[in-house]
Amino acid sequence: MIDAGKRNILGVLVNIIDYEGAVELIIQAAKEKQGLSVSALAVHGVMTGVLDNTHRFRLNHMDLICPDGQPVRWALNFVHKARLSDRVYGPNLTLRVCEQAAQEGLPIYLYGSRQEVLDAFARNLGDRYPQLKIAGSQPSRFRQTTAEETQEIAQTIKDSGAAITLVGLGCPRQEVFAYEYRDLLSMPLLAVGAAFDFHAGLLPQAPPSLQAVGLEWLYRLIQEPKRLWKRYVFLNPYYVWLLSLQILRLRKFDPDSATPPEQELRYG
């Protein structure tokens with residue numbers, strides 16, 4: 001396993017880790033029934049923390065932040081000499097965790113998205129990994145939940161017998177969920193976003209050649225221009241600009257400057 005320590009990218013702490021290391025940590029926590037909040041952040045995910053001090057606190061207090069986007073991996077390599085040969089892409093991490101969970105007999109739970117997506121996702125996972133136990137699923141309520149509903153959601157997941165929960169609420173809601181539910185659920189919570197739609201077969205993934213050179217964002221922009229244009233047109237150049245300032249030491253990005261949340265957001 002690689003280093004696995006956290007490093008500062010624009011004030012957001014990202015782990016130096018590869019697929020093997022991430023899967024090992026997740027499966028070990030599942031076996032030991034330990035809470036583990038996990039996300040795989042691309043540029044947009046990092047920028048949600050850069051632009052929101054409170055959300056940066058949440059991200060920096062999650063257990064494992066994987067470098068999902070190539071530009072995030074490149075930043076770790078250039079700024080911190082990480083020598084990562086590949087990113088830890090959320091949809092691929094999802095499959096690797098499910099494959100290992102199937103081998104270890106660890107049931108998974110699917111939380112988020114819409115019921116039709118969950119049904120297709122579960123069906124495709126079952127076809128790919130016949131031994132995988134899917135303990136249950138629950139679609140997003142697409143709103144904030146009450147304190148009572150939060151407890152009900154947590155209890156439903158626990159009662160299912162799941163050892164790992166995959167969370168697909170979209171960034172940054174899924175990271176908030178993983179942060180806030182970590183101590184309610186003694187298991188890994190993986191904020192994996194688009195993996196639900198990709199593996200349900202409802203959204204095409206970028207060709208590997210585009211992914212390798214960091215142009216997955218362009219492919220996704222073409223697929224969903226109305227939803228994603230602001231994210232990529234504004235945030236990608238801003239990320240490059242701020243990273244240049246960090247590299248040149250013209251601006252300090254202090255992870256400790258983040259602001260603790262005053263209340264729970266309770267995304268469901």
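## Basis of the description

The model is predicted: local features need pLDDT of at least 70, side-chain atom pairs count only at pLDDT 80 or more, and totals for chains, interfaces and linings use all residues. Residues are numbered from 1 along each chain as its sequence is written, and side-chain values use heavy atoms, with hydrogens and water left out.

Helices (H or I, at least four residues) and strands (E, at least two) are DSSP runs numbered from the N terminus. A residue is called buried under 20% relative accessible area, exposed over 50%, and partly exposed in between (1.4 Å probe, protein chains only).

## Helix H12

Helix H12 covers residues 225–247, 23 residues in total. From its first C-alpha to its last, H12 reaches 31 Å, close to the 33 Å expected at 1.5 Å a residue; the expected span is 1.5 Å times one less than the number of residues. At leucine 235 the helix bends by about 30°, the bend being the angle between axes fitted to the seven residues ending there and the seven starting there. A proline, proline 237, follows within four residues of this bend.

Leu235 is also one of the buried residues of H12, which include Leu228, Tyr232, Tyr239 and Leu242. Arg231, Asn236 and Gln246 are likewise among the buried residues. The buried residues of H12 pack against strand S1 (6–9) and against the helices H2 (43–51), H4 (70–80) and H11 (216–223), where contact means heavy atoms within 4.5 Å. Arginine 249, which follows H12, has a positive phi near 60°.

## Salt bridges

Side chains of opposite charge can pair when their charged atoms come close. A salt bridge here is a side-chain nitrogen of Lys or Arg within 4 Å of a carboxyl oxygen of Asp or Glu, and a search of the whole structure finds 10 of them. One of these joins lysine 31 to glutamate 104, at 3.1 Å from N to O. The pair links distant parts of the chain, with lysine 31 in helix H1 (residues 19–32) and glutamate 104 in helix H5 (residues 90–104), 73 residues apart. Lysine 31 is partly exposed at 44% relative accessible area, and glutamate 104 is partly exposed at 34%.

Glutamate 216 and arginine 87 form another salt bridge, with their closest N and O atoms 3.1 Å apart. Because glutamate 216 lies in helix H11 and arginine 87 in the loop between H4 and H5, the pair ties together parts that are 129 residues apart in sequence. Glutamate 216 is buried at 11% relative accessible area, as is arginine 87 at 4%. A salt bridge of 2.9 Å, N to O, connects glutamate 149 with arginine 143; glutamate 149 is buried at 15%, while arginine 143 is partly exposed at 39%.

## Aromatic rings

Rings of Phe, Tyr and Trp (its six-membered ring) pair if their centres lie within 6.5 Å; planes under 30 degrees apart count as stacked, over 60 as edge-to-face and the rest as tilted. The whole structure holds five aromatic pairs. The rings of phenylalanine 177 and tyrosine 181 have centres 3.9 Å apart and planes at 15°, so this pair is stacked. The two residues are four residues apart in helix H8 (residues 173–181), separated by about one helical turn. Phenylalanine 177 is buried at 0% relative accessible area, and tyrosine 181 is buried at 1%. Together with Tyr111, Phe177 and Tyr181 form one aromatic cluster.

A charge sits over a ring if NZ of Lys or CZ of Arg is within 6 Å of the ring centre and within 35 degrees of the ring normal. The charged end of arginine 87 sits over the ring of tyrosine 89, 3.9 Å from its centre. Arginine 96 lies over the face of tyrosine 19, at 4.0 Å from the ring centre.

## Backbone features

Most residues other than glycine have a negative phi, and most peptide bonds are trans. The peptide bond from cysteine 171 to proline 172 is cis, with omega near 10°, and proline 172 lies in the loop between strand S7 (164–168) and H8.

Serine 113 has a positive phi near 60° and lies in the loop between strand S5 (108–112) and helix H6 (115–128). Phenylalanine 142 has a positive phi of about 55° and lies in the loop between strand S6 (134–138) and helix H7 (147–159). Serine 113 is buried at 11% relative accessible area, whereas phenylalanine 142 is exposed at 61%.
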